[in-house]
Amino acid sequence: MIEHILLYELRRDVDDKRLEEMVRSTRSILLKIPEILRVDSGRNVDQSSRWSFFVSFGVESLDKLGMVQEDVVYLRFLRDVIEPNTDAQEDFSFETDPSKDLRYS
């Protein structure tokens with residue numbers, strides 16, 4: 001299984017109320033995508049951190065991750081939730097099955 005983790009730097013004008021809305025809407029929107037098995041999102045407890053908001057979701061494989069990244073729901077999520085509220089992003093993908101060869105993820 002692949003765990004995809006996204007870290008976001010929020011724009012200065014994003015307040016706590018908007019951040020809370022982002023956390024809630026992220027979960028409800030991304031769970032509409034059939035390839036996504038589970039979703040987590042939240043805010044950083046370290047308020048001095050550059051990365052104030054995170055999203056992580058699990059998919060079966062890198063192929064499924066590619067399908068998610070091309071899905072119209074995901075693209076709309078990026079356009080409507082992420083782009084208007086963030087300035088920067090870091091993303092990571094991890095294989096969570098310790099016995100699986102990374103070439104076959």
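Trainee: How many bridges join strand 1 to strand 4, and what makes them count as a pair?

Mentor: This is a predicted model, so keep that in mind as we go. Strand 1 and strand 4 are joined by nine bridges and run antiparallel. Pairing needs at least two bridges, so these strands count as paired. For one example, look at Leu-7, whose bridge partner in strand 4 is Glu-90.

Trainee: How many bridges are there between strand 1 and strand 3?

Mentor: Seven, and this pairing is antiparallel too. You can find Ile-5 opposite Ser-56 of strand 3. With a requirement of at least two bridges, strand 1 and strand 3 therefore pair.

Trainee: And what joins strand 2 to strand 3?

Mentor: Six bridges, with the strands running antiparallel. Here Arg-43 stands opposite Phe-53 in strand 3. The cut-off is again at least two bridges, so strand 2 and strand 3 are a pair as well.

Trainee: In what order do the four strands form the open sheet?

Mentor: The order is 2-3-1-4, with antiparallel pairing.

Trainee: What makes strand 2 and strand 4 edge strands?

Mentor: Strand 2 (38-43) and strand 4 (86-95) each pair on one side only. Direction ignored, neighbouring strands are turned by 15° against each other on average.

Trainee: Which strands does helix 1 touch as it packs on the sheet?

Mentor: Helix 1 touches strand 1, strand 2, strand 3 and strand 4, and its direction makes about 175° with that of strand 2. Helix 2 lies across strand 1, strand 3 and strand 4, at about 125° to strand 3.

Trainee: What angle and axis distance do helix 1 and helix 3 have, and what does that make them?

Mentor: Their axes come within 11 Å and cross at roughly 175°. An angle over 145 degrees counts as roughly antiparallel, so helix 1 is roughly antiparallel to helix 3. On the helix 1 side, the contact is made by Arg-18, Met-22, Ser-25, Thr-26, Ile-29 and Leu-30; helix 3 brings Val-73, Tyr-74, Phe-77, Asp-80 and Val-81. That contact has seven nonpolar, two polar and two charged residues.

Trainee: Why is Tyr-8 called buried?

Mentor: Tyr-8, which lies in strand 1, has 0% relative accessibility. Buried means under 20%, so Tyr-8 counts as buried. Setting aside residues up to four places away in sequence, Tyr-8 touches several others, among them Trp-51, Phe-53, Leu-78, Ile-82 and Thr-86. The C-alpha atoms of Tyr-8 and Ser-49 are separated by 10 Å, although these residues are 41 apart along the chain.

Trainee: Is Thr-86 buried or exposed, and how do you know?

Mentor: Thr-86 sits in strand 4. Its relative accessible area is 9%, under the 20% cut-off, so Thr-86 is buried. Beyond its neighbours within four places in sequence, Thr-86 is in contact with Tyr-8, Glu-9, Leu-10, Arg-11 and Met-22.

Trainee: What makes strand 3 mostly covered?

Mentor: Six of its seven residues are buried.

Trainee: Which residues touch the most other members of the largest nonpolar core?

Mentor: Leu-30, Ile-36, Phe-53, Phe-57 and Tyr-74, out of 24 residues in that core. Strand 1 (2-10), helix 1 (16-30), strand 3 (53-59), helix 2 and helix 3 are the elements that each give two or more residues. Helix 3 supplies the largest share, six residues.

Conventions. Residues are numbered from 1 along each chain as its sequence is written. This is a predicted model: local features need pLDDT of at least 70, side-chain atom pairs count only at pLDDT 80 or more; totals for chains, interfaces and linings use all residues. Side-chain values use heavy atoms; hydrogens and water are left out. A nonpolar core is a set of buried Ala, Val, Leu, Ile, Met, Phe, Trp, Tyr and Cys residues joined through side-chain atoms within 4.5 Å. Buried means under 20% relative accessible area, exposed over 50%, partly exposed in between (1.4 Å probe, protein chains only). Axes are lines fitted to C-alpha atoms, for helices over the stretch in contact, and angles run from 0 to 180 degrees between N-to-C directions. Contact means heavy atoms within 4.5 Å. Angles under 35 degrees count as roughly parallel, over 145 as roughly antiparallel, 65 to 115 as roughly perpendicular and the rest as oblique. Ala, Val, Leu, Ile, Met, Phe, Trp, Tyr, Cys and Pro count as nonpolar, Asp, Glu, Lys and Arg as charged, and the others, Gly among them, as polar.
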